[in-house]
Amino acid sequence: MDRRQLLAAAGLLTVAACTPGRSKPAPRAENTDDRLTYGDHPSQFVDVWRRAGSGDPAGTVVMIHGGFWQEQYDLTYLEPLAAAATSRGWDVASLEYRRVGGGGGYPQTFDDVVAGIDRLDGWLRTPDVVTLGHSAGGHLAVWAAGRPGLTDSVWGSPVVDVRTAISLAGVLDLEAAHDDWLGNGAADELMGSPPEGSIWPLANPTYRLPLEVPVRCVHAPDDDLVPISQSRDYVARATAAGADATLTEVTGGHFSATEPGSAAANTLLDVLDATAT
């Protein structure tokens, strides 16, 4: 898959207007073990894989795809990364969710991330759960890890606890994304308005510090779609607040760490493996 195809697959060429409605779900990958549904919308499902080989898994990694939260982009581009994680001994759950233009946005997208992770209760073979999100999915992965602190919302009582969050080129500050007009205003489309009132701080990981769990950011300085300042600023604020947060820098732009075999992907998988020790 070349760079332009990756850009299109992950929704980062443009943020185009979509027709609201109930689109067809992404086809299930042939090598998945199962598809768990958590609602009756076509986007409310989690594709799951058991670790390769025998033995207990290192843990379960919940992968959350990017695409600036837009309906026309789905979880399929993360399937190679899911396979690479299973080869390293991880069970994998790749979460689909309602997105802007297909019944998503605030609060539905957040409702789905919560419900999708909690749907894994009973499927998990270990309580060690890591959320790993790419781009807009990095925002959702870190936000979901902070659910125990969301006592001022309906999301504050998780059934499945997240032990660590990994943000890969994540959008970790929605207001900075608004100021920089990332994705042609994608954060405003997600939230349904410019930054105002109480809902933006509730949805913004940068404003939910300190988290009680570690956050591991992986980002490339040459990322021309989501600037590395999103990760650098988050880690600086998190550590100042007393949280456990680190940044690992890689090279290769926005997508290299999603492509198994690249140096960036190997580094990402090493960061994932380190959460199990």
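What follows is a walk through some helices, their packing and a handful of individual residues.

First, some ground rules. This is a predicted model, so local features need pLDDT of at least 70 and side-chain atom pairs count only at pLDDT 80 or more, while totals for chains, interfaces and linings use all residues. Residues are numbered from 1 along each chain as its sequence is written, and side-chain values use heavy atoms, with hydrogens and water left out. Helices (H or I, at least four residues) and strands (E, at least two) are DSSP runs, numbered from the N terminus.

Let's start with α9, residues 263–274. This helix has 12 residues and reaches 17 Å from its first C-alpha to its last, close to the 16 Å expected at 1.5 Å a residue. The expected span is 1.5 Å times one less than the number of residues. Buried here means under 20% relative accessible area, exposed means over 50%, and partly exposed is in between (1.4 Å probe, protein chains only). By that rule, Ala264, Ala265, Leu268, Leu269, Val271 and Leu272 of α9 are buried. They cover an arc of only 155° around the axis, which puts them on the same side of α9. The arc is taken from the directions that run from the helix axis to the C-beta atoms. And what lies over those residues? The cover for the buried residues of α9 includes β3 (60–64), α2 (79–87), β5 (129–134), β6 (164–168), β7 (215–219) and β8 (245–249). Contact, here and below, means heavy atoms within 4.5 Å.

Now turn to α8, residues 229–240. Its 12 residues should span 16 Å at 1.5 Å a residue, and its end C-alpha atoms are 16 Å apart, which agrees. Gln230, Ser231, Tyr234, Val235 and Ala238 are the buried residues of α8. Looking down the axis, you find them within an arc of 120°, so they line one face of the helix. They pack against α4, α5, β7 and β8. Just after α8 comes Gly242, with a positive phi of about 95°.

Next up is a helix pair. The axes of α3 (108–118) and α4 (residues 136–145) come within 11 Å and cross at roughly 65°. Axes are lines fitted to C-alpha atoms, for helices over the stretch in contact, and the angles run from 0 to 180 degrees between N-to-C directions. Which residues make the contact between α3 and α4? On α3 they are Thr109, Phe110, Val113, Val114 and Ile117, and on α4 they are His139, Leu140, Trp143 and Ala144. These residues divide into 7 nonpolar, 2 polar and no charged. For that tally, Ala, Val, Leu, Ile, Met, Phe, Trp, Tyr, Cys and Pro count as nonpolar, Asp, Glu, Lys and Arg as charged, and the others, Gly among them, as polar.

While you're at α3, look for Asp118, which sits in that helix. Is Asp118 buried or exposed? At 15% relative accessibility, Asp118 counts as buried. Leaving aside neighbours within four places in sequence, Asp118 is in contact with Arg147, Pro158, Val159 and Val160.

Thr164, in strand β6, is buried too, at 7% relative accessibility. Setting aside neighbours within four places in sequence, Thr164 touches Val129, Val130, Thr131, Val213, Pro214, Arg216 and Thr275. Thr164 and Leu190 are 26 residues apart in sequence, and their C-alpha atoms are 25 Å apart in space.

Over in the loop between β8 and α9 you'll find Gly253, buried with a relative accessible area of 12%. Gly253 is 32 residues from Pro221 in sequence, and the two are 7.4 Å apart, C-alpha to C-alpha. Not counting residues up to four places away in sequence, Gly253 touches Ala220, Asp222 and Asp223.

Finally, the backbone. The Tyr106 to Pro107 peptide bond is cis, with omega near 5°, and Pro107 lies in the loop between β4 (91–95) and α3. Another cis bond joins Leu209 and Pro210, with omega about 0°; Pro210 is in the loop between α7 (199–203) and β7. In the loop between α5 (174–180) and α6 (186–191) sits Trp181, a non-glycine residue with a positive phi near 55°. Trp181 is partly exposed at 46% relative accessibility. Asn184 lies in the loop between α5 and α6 and has a positive phi of about 55° although it is not a glycine. Asn184 is partly exposed, with a relative accessible area of 46%.
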